[in-house]
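Please find below a short note on the structure under review.

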Amino acid sequence: MKVIVIGGGAAGMLSAIVSAKCGNEVTILEKTESLGNKIKITGKGRCNLTFDGDIEDFKRNIVKNYKFMYSSFNNFNNKDLVEYFNSLGVKTKVERGARIFPVSNKADDIVKALKNEIKKHGVKVEYNSCVNKLNVVDRKIDSVQTVDNKKFKCDKCIITTGGASFPKTGSSGDGFILAKNTGHNIVDIKPGLVPLKSNDSICKKLQGLSLRNISFKLVDNGKVIYNDFGEMLFAHFGITGPVVLSSSSKLNRIEEVESKLKQRKIKACIDLKPALDFDTLDKRICRDFEKYSNKEFKNSLNDLLPQKIIPVVIELSKIDENIKVHQINKEMRKNLVNVIKNIEINISGFMPLDIAIITCGGVDVKNINPKTMESKIVLGLYFAGEVLDIDAYTGGYNLQIAFSTAFQAGRN
């Protein structure tokens, strides 16, 4: 059986390998000059391959369409994925936040392992091959056609073109066009896992400051819509980092989000000391104040906070930076605790789709059989990976989605 796989990313490579191991004649059509381009940049070049946890962890971290993933995850889960790469010689490790990486810290090792398997199982790869047409005869896939009019006959075809983020890697939304032109519904495309913009001066003042072990909330007109604990980073445009990126995928699904952003109704709330409740933090500050009782206020917080954020905290507390510490009263100290426990930032928008880690939206999963990944509209046409309308938070969950759906498509 001739199988064409369109796209040579994570889902494309694994689905091709699995299909070839089933005895099929498989060809990958890759629009760029290399395979696994997006894998190479994931996890800052280290590749957060998957997560260390169970099915409930997986479920909690999928933002949309978890139920669709039940069958494919059941057939090829995170433990299967780790075992698979271990068998290929890629040893893995678990890091903070239950994130799994190669021991080598090299994303390229994942790509090399998959490329070796592709070669071992006789998968052909046609580079610089951009598919722009699917030929369907009597509701069944017949062939695919490239922009330079090359035609590839096939019995089955798997679309694994990725989303529309990081277009330089080859993921520029081609799969959405191919799917739409063959009658599939495309759910609105939005940036996912993307930094958030803010016009507040605090972001420029704190540009480059990384905060760890903070509590982060997104609030919509007073209602908490996202709550997380972890790391974030201030930038000239606003805020980024793991907790911010994950929150963006929740934010972009709010109704009338653009209007709310313009009206400054969306706020990020940061607790710099989440491990300490109000009273405990107050007692901690009292001890520091006793230690520095004769110093000016601006020189009394070095033991408690990163140096760069101290002037901002002082400004927000409305306490004179030059006042002597022993002159600070209980009311002033209370204001200081409130600031440390709740720094607010007005969110004004999202950074562009082309720098988003993933794409939210895509091929409507209602058009796809979750047990096989085959289209309900075109026989012999399959989908896997980011091209589908499924996405998750940071932590290796999105790559797991790609590999699980790829395994399911390839074996069918």
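This is a predicted model: local features need pLDDT of at least 70, side-chain atom pairs count only at pLDDT 80 or more; totals for chains, interfaces and linings use all residues.

1. The parallel sheet. Five strands form an open sheet in the order β7-β2-β1-β11-β21, and their pairing is parallel. The edges are taken by β7 (124-126) and β21 (381-383). Each of these has a single partner strand, so one side of each is left without a neighbour in the sheet. From one strand to the next, the twist averages 20°.

2. Strand β1 and its burial. Strand β1 covers residues 2-6, and four of its five residues are buried. The strand is therefore largely enclosed by the rest of the structure. In the order of the sheet, β1 stands between β2 and β11.

3. The partners of β1. With strand β2 (residues 25-29), β1 pairs in the parallel sense over five bridges. With strand β11 (residues 156-159), the pairing of β1 is also parallel, over four bridges. Val3 illustrates both pairings: its bridge partner in β2 is Val26, and its bridge partner in β11 is Lys156.

4. The crossover through α1. How does the chain cross from β1 to β2, and what is the hand of the crossover? The path leads from β1 through helix α1 (residues 10-21) to β2, and this β-α-β crossover is right-handed. Helix α1 lies across β1, β2 and β11. Relative to β2, helix α1 runs at about 170°.

5. The antiparallel sheet. A further open sheet has three strands in the order β8-β9-β10, with antiparallel pairing. Its edge strands are β8 (131-137) and β10 (151-153), each of which pairs on one side only. Here the twist averages 25° from one strand to the next. Strands β8 and β9 (residues 140-146) run antiparallel and are joined by six bridges. Within this pairing, Val137 stands opposite Lys140 in β9.

6. Asn135. This residue lies in strand β8. Is Asn135 buried or exposed? Its relative accessibility is 12%, and because buried means under 20%, Asn135 counts as buried. Leaving aside residues up to four places away in sequence, Asn135 touches Lys140, Ile141, Asp142, Ser143, Val144, Gln145 and Lys151.

7. Cysteines. How many disulfides does the structure hold? The number is zero. Cys130 is in no disulfide, and the nearest cysteine sulfur to it, that of Cys157, is 13 Å away. Cys157 is likewise in no disulfide; for this residue the nearest cysteine sulfur belongs to Cys154, at 5.2 Å. A disulfide requires sulfur atoms within 2.5 Å. Cys157 has a relative accessibility of 0% and so counts as buried.

Technical notes:
Residues are numbered from 1 along each chain as its sequence is written. Side-chain values use heavy atoms; hydrogens and water are left out. Buried means under 20% relative accessible area, exposed over 50%, partly exposed in between (1.4 Å probe, protein chains only). Helices (H or I, at least four residues) and strands (E, at least two) are DSSP runs, numbered from the N terminus. Two strands pair if DSSP finds at least two bridges between them. A crossover is right-handed if, with the strands pointing away from the viewer, the path from the first strand over the helix to the second runs clockwise. Axes are lines fitted to C-alpha atoms, for helices over the stretch in contact, and angles run from 0 to 180 degrees between N-to-C directions. Contact means heavy atoms within 4.5 Å.
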